[in-house]
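Reader: I'd like a close look at one part of this model, with the cut-offs spelled out as you go. Could you take me through it and then say how it sits beside the rest?

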Amino acid sequence: MDISTKYLGFDLESPIIPGASPLTADMDSVRQLEDAGAPMIIMHSIFQEQLEHEEVALNYGLEQGEQSFAEALSYLPLPDQFRLGPDEYLEHVAKIKAAVKVPVVASLNGRTLGGWTEYAKKIEQAGADALELNIYDPVLAAAPDSTSVELATVEVIRAVREAVKLPLAVKLSPFYTSLVHFAHRVDATGVRGLVLFNRFYQPDIDLETLELHRTLKLSTSEELLPRLRWTAALFNHVGADLCITGGVHSVYDVCKSVMVGASAVQVASALLVHGPEHLGVLRKQLYRWLETHEYESLQQMRGSMSLIRTPNPSAFERGNYMKILQTWAPA
Amino acid sequence: MAEKQVVTIDGNEAAASVAHRLSEVAVIYPITPSSNMGELADEWSSHKKTNIWGGVPKIVEMQSEAGAIGSVHGALQAGSLCTTFTASQGLLLMIPNMFKIAGELTSFVMHVAARCVATHALSIFGDHSDIMACRQTGFAMLGSINVQEAHDQAAIAMAISLRSRIPFLHFFDGFRTSHELNRAVLLSDDELRAIVKQEWVDAHRARALTPDRPLLRGTAQNPDTFFQAREACNSYYDRVPQIVKEEMERFAALTGRKYVPYEYQGHPNADRVVIVMGSGAETVSETVKYLTGRGEKVGVIIIRLYRPFAIDMFISALPGSTKRIAVLDRTKEPGAGGEPLYQDVLTALYQAQQAGVLPTGEIPAIIGGRYGLSSKEFTPAMVKAVYDELAKPTPKTRFTVGIVDDVTHLSLAVDESFDIETDDTVRALFFGLGADGTVGANKNSIKIIGDETDLHAQGYFVYDSKKSGAMTTSHLRFGKEPIRAPYLIRKASFIACHQFQFLEKTDIVESASDGAVFLLNSPYAKEEVWNHIPREIQQTIITKKLKFYAIDANAVAKKTGMGTRINTIMQTCFFAISGVLPRDEAIAAIKKAIKKTYGKRGEEVVRRNFEAVDQTLAHLAEIAMTPAPTSTIRLGTFEQPAMPDFVKRVSAVMMAGKGDNLPVSAFPVDGTWPTGTTKYEKRNIAIDIPQWEPGICIQCNKCAFVCPHAAIRPKVYEAAQLEGSPAGFKSVPYKAPDFKGLTYTLQVAPEDCTGCNLCVVVCPAKDKSDAKRKAINMTPRMDIRDRERDNYEFFLNIPELDRARLTRIDAKATQLLLPLFEYSGACGGCGETPYVKLLTQLFGDRLVVANATGCSSIYSGNLPTTPYTTDRNGRGPAWCNSLFEDNAEFGLGILLGLTEHRNHAERLLKQFSGQIGDTLLTGLVTSTQQGEAAVAEQRARVVELRKLIAPITDPKARLLESLADYLVRKSVWLLGGDGWAYDIGYGGLDHVMSLPYDVNVLVMDTEVYSNTGGQASKSTPIGASAKFAANGKGTQKKDLGLIAMSYRNAYVASVAFGANDNHTVKAFLEAEAYRGPSLIIAYSHCIAHGYDLKIGTDQQKLAVDSGVWPLYRYDPRLVNTGKPPLQVDSPMTPKAAVRDYLRNETRFAMVEKIDPVRFKELSEASVRNTAQRLSLYKELANIAYPTTTGESPAAPANGAAQPKEGA
């Protein structure tokens, strides 16, 4: 059974890619992932804002109280050189690249246009095979308007596209007014992949202390559904490869994703729960499922349930929503 | 020959640069002002910088100077080239080993930044009292007078020591030279290799102790031989002066820089000659040049080789024309016939005369004077005064200069207008705050100018005595000629005031010369600045025709992401308007320097600084002035009507920075000072202060508990007390049932708050409609200062709650007790002072504190004002600092003394039992005095006793009266940091914990030497970066509590108020109640941990929740009850991750940035060790000791006995 696929221009033996997670931050688990059949390694994101914050915080920590008191002109030693965020990340890219045979995709979240292109270039120099742009910018203010936000994002993507030769993937947010239209605009910049969707940290409220708490919950298969819908809508409408991330836990999730048109899926939460070896399990299950259901290849299945090919496209549309409500009756 | 490397460095770096390259081993211990030498050596070694033989010197920090010199001695015996750096008390701790090292004729050079030895007071500043204490050790002494010499003579000393076998003490003046930035030519490694001949090194190594050529040193000798053997070394000392001379000549041939052991400068036929050593020699030398240029026949002999004192060389330096000599000593030897150098000169002249070689024939008239103690200014005007004195018909035989002695009238009158500085030097004065980065920026400017231009540059920095909101004054000189002016600037051509609030009380432009440039950081628009400065300052600006520029640096800093750091902005202004360098060239140089300084800390930091430079130029403006003053604001004073006379006459003058003007008669003769003076200082350093919202407040008092400065206080009182309250005074009904019906107020001291934010962060009460609003919120100080000042004054006058009414003392209740420790100069957000404050709230009116040297002794005892204060009865903590190393012993001694007073009183009571009566006598003798009510009852008994014995005429009744107050139990506490308790004072502490006496020890554990700038101690945890452990300490923190528990006689507690304030209070109460030794180890967050201290309590909580800092109490009294004496009061199963705790603090986090692999190893070790420690405590907490031995008759178990040795 041929379960190979093509994603971002790379021939992958399997469509099941380990997504960005703490597993890629540790060399031992990266090796385990490759051993388990990872066809590609997607690294965790480098966040420009966080790096800048770390630099400023480090400087603050070192400078605090300095040159204030005759007996203590400083409080901490000053090493010759600090390995700051980008250096660490770039070294990690190089290490992973040297340790594995499969393509390594770095991931970037910039803050400024200059930051996006600068870090992208550094990642390219560090030896990454591709770059996933992690568009993570929840706009909570009344301004700018949606058009400006989208234009600015496209501008960033275009700038990075021009700055580096690496194949680019763009990880999209589900929150666009007109997602298909926006995806087209992104596609037009020449990116090689669209990744649906980003999962955001969702702050929760502590009712006793009236403080916000950052939460990070692992995904469940439930989250797959909106991704199926929008992938189905985009299939064959954009040139870029489609990749689903978020909610892929079982072989069934993999099959559904490919059926709506995904070239590949990214799995993270399931691997965190079951360990890197789960990747091999999923791969075997996919193989068997396809055999059992007498598919010739993965390619045969890809897009079979996309919006343009599904027997009941309205199910992906509003009509279906209405129908469910109308047919529901109390037991 | 390679091009000379010219750099701008300070004296410490100059000496350390040579010492590091000429050593294989350096063993050190931090002490101001020498610490930087050891730190630099450590830094260089950690960067793999090599010595001239290609090895990286091994740098080891020890537990004390005594330990350091012991290891030095050992390393020398092993034939290595070894050094150390020290000063003051530290040098004195080395003396026993110095005798040994010299007695064994061991080649060795130690570098001393000479510092005052503590007498009536501690002083960190420079004089020669420490080195003079070493005269008898057998060490040769070589003194350097400036930064270049500190570098050169470090090398010369090594050459001489290796060649002569005599160990050398190389010294230069603490702060004045050690911390002065000046240009110096660096010796290359090749030059050093030429200076220190390999054959001498080989000979030194050949003398090593080795089993391959076994020898024995350190014998014990008896009356038959010791004396002769001691004389056997004489010829080695006799040879030293000639060797010094030759090596200095060889040095001159190599480098072109000429030195002689005794250097004469001045008129060839001088009749008046001053003899001096150290940095003062430069001032004398420059003044001599000036005076001889005006025809005066004066000269100076600079002493470089002080020991051995080469009489022949000294005499041959003296002009035959000399009629009168003044010898200047930077030390005081009370009771001596004269100070040491004076006596040496007298001896030399007498011996020369006896030998018939005195060039003057007759011994000239010789007078001796003291100058410059504790870095007291020594100026050309003072030098002139000395020469003038010599010219008088009958000069004072012994004198002082630089002070006004109106008691013994020893001081010389000085003409302050005398000035030798010429106008071709740019003299710039900068007034800044510690936190704003002014000094750092100025050091940067000096390096830019000194290193990148042909100009010579000098920088010296004066800090005030506070750690929070310290005022810094930078004195910078730039000129075409070398700058030899080791004294402060008196007339400045450029003055910058980096903090607008300084103008309120200080005449910042007082030192401006005519036409000088004045730069002001002002929050006002350029059109408004003029009328916001005091009228007196306007007048000076007009009269002196100053060019006046202003910028709102804080606004630019905020806009460019620089926070409160205005350093880059003000530095840019200086270069833009001072004219020292062309503007464009200067800006380019600043940016280059920024890249160099901040590049390693990340591009964002560089980017923000660049942005700040660019924005500065757009915002700097010249201010238009009026022809006459227009301001309605008047310059304030530090004097306040409510001040007691002494405070007004002395402390207020010191607060105003005019302490130099106080005469001898102003001072206590024995170093005894009044307490309770910080309340007069009103420093007004906070930008924002907390404002109370009574409607939101839940009256938990947590804000007051955590306040390091006692600047936010609650009070519970009768509503009737509100009569006459100011209009804005806030109060609400008290909520809890204990004092139902009373009124509650939470009040901020607006002029004493440092704005640290701890209180707001810890406040748990939030507005139900707007969660970001708390019960206290930071508000601009200037918006509410006047109102809150009136409120605070009214608040203070409301009577305190009767202590005896507090039946249950928990954290909340403690804050209703008057703090007797207030407004200290500790860092804003300090993690130590809340403990000290709590101590005074609980036991303040009967508290005696023995305080080890360190942060706590500095914020408690550094003048001009002190924070310990008194209650309405005039009672309060009595406080004393002895030394760093002996605090446990010192505190025990206090306890012993107090106990004997009480015992004596009790004996006398019995003698008057008839008059006193059984009931009172029994009460007085047997009261346990546990709890506030019991103490109050005992005080009442003492009052009654006094009444009863007043009519008795027997003199013993008077004696009993004088001792009666000792019948009220005193609470003796030994305070200090981890440097004291874990390291230098551990031996004494350990001993005291083993004894049965009722002393209480509070270790404020910051896990690092905070006061001297963050050196590692044995308390430093694994994984933390500290000086001497830059890559993260690789070994575990010592478990001091566990060691103390092993005595089973001591009460031991580990507390962290930020994690559990009630637990802290409970431990304090239990420790005090326990009548044996008690030890409380208190987690103290610290500026040296590298994070914003406003979240200090959050970090404490994380430390406890992660298990890194377990809370426990070990109470020996529980043994007899059959319970385990150890109670662990924090979670045995961690509720937080150790790594989360570590990553929040720069001291840990930076290790990850230096070496991620090491960080991983160390943090894993930290996690592992935390688990292991918790597991051990868990086991211990389950052990109930047997209460009988099983033998007959039953004997009390060890630890079960209640010792009764106490005050």
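Author: Start at Tyr371(B), which stands opposite Val401(B) in E15(B). The strands here are DSSP runs of E with at least two residues, helices are DSSP runs of H or I with at least four residues, and both are numbered from the N terminus. Strand E14 (residues 365-371) of chain B pairs with E15(B) in the parallel sense, over four bridges; to count as a pair, two strands need at least two DSSP bridges between them.

Before going on, a word on the ground rules: this is a predicted model, where local features need pLDDT of at least 70 and side-chain atom pairs count only at pLDDT 80 or more, while totals for chains, interfaces and linings use all residues. Residues are numbered from 1 along each chain as its sequence is written, chains are lettered from A and ligands numbered from 1 in the order in which they are written, and side-chain values use heavy atoms, with hydrogens and water left out.

Back to the sheet. E14 and E15 belong to an open sheet of six strands in chain B, ordered E9-E11-E10-E13-E14-E15, with mixed pairing. Strand E9 (262-266) and strand E15 (398-401) of chain B are at the edges with a single partner strand each, so one side of each has no neighbour in the sheet. On average, neighbouring strands of this sheet are turned by 25 degrees against each other, direction ignored.

Now the helices on that sheet. Helix H11 (residues 280-292) of chain B lies across E9, strand E10 (272-276), strand E11 (298-303), strand E13 (324-329) and E14 of chain B, at about 160 degrees to E11(B). Helix H14 (residues 380-391) of chain B packs on the sheet too, touching E10, E11, E13, E14 and E15 of chain B, and its direction makes about 130 degrees with that of E10(B). Touching means heavy atoms within 4.5 Å; the angles run from 0 to 180 degrees between N-to-C directions, with axes fitted to C-alpha atoms, for helices over the stretch in contact.

Chain B also has an open sheet of seven strands, in the order E3-E2-E4-E5-E7-E6-E12, again with mixed pairing. Its edges are strand E3 (58-61) and strand E12 (305-307) of chain B; each has a single partner strand, so one side of each is left without a neighbour in the sheet. The twist there averages 20 degrees from one strand to the next. Strand E6 (residues 140-143) of chain B runs antiparallel to E12(B), joined by two bridges, and Leu142(B) stands opposite Leu305(B) in E12(B). Helix H6 (residues 147-164) of chain B packs on this sheet, touching strand E5 (109-114), E6 and strand E7 (168-173) of chain B, with its direction at about 170 degrees to that of E7(B).

Finally, the partner chain: 40 residues of chain A are in contact with 57 residues of chain B. Between the two chains there are six salt bridges, each a side-chain nitrogen of Lys or Arg within 4 Å of a carboxyl oxygen of Asp or Glu. In one, the side chains of Lys766(B) and Glu211(A) meet at 2.7 Å, N to O. Helix H2 (48-63) and helix H4 (113-126) of chain A each supply at least two residues to the side of chain A that touches chain B, and H2(A) gives the most, with 11 residues.
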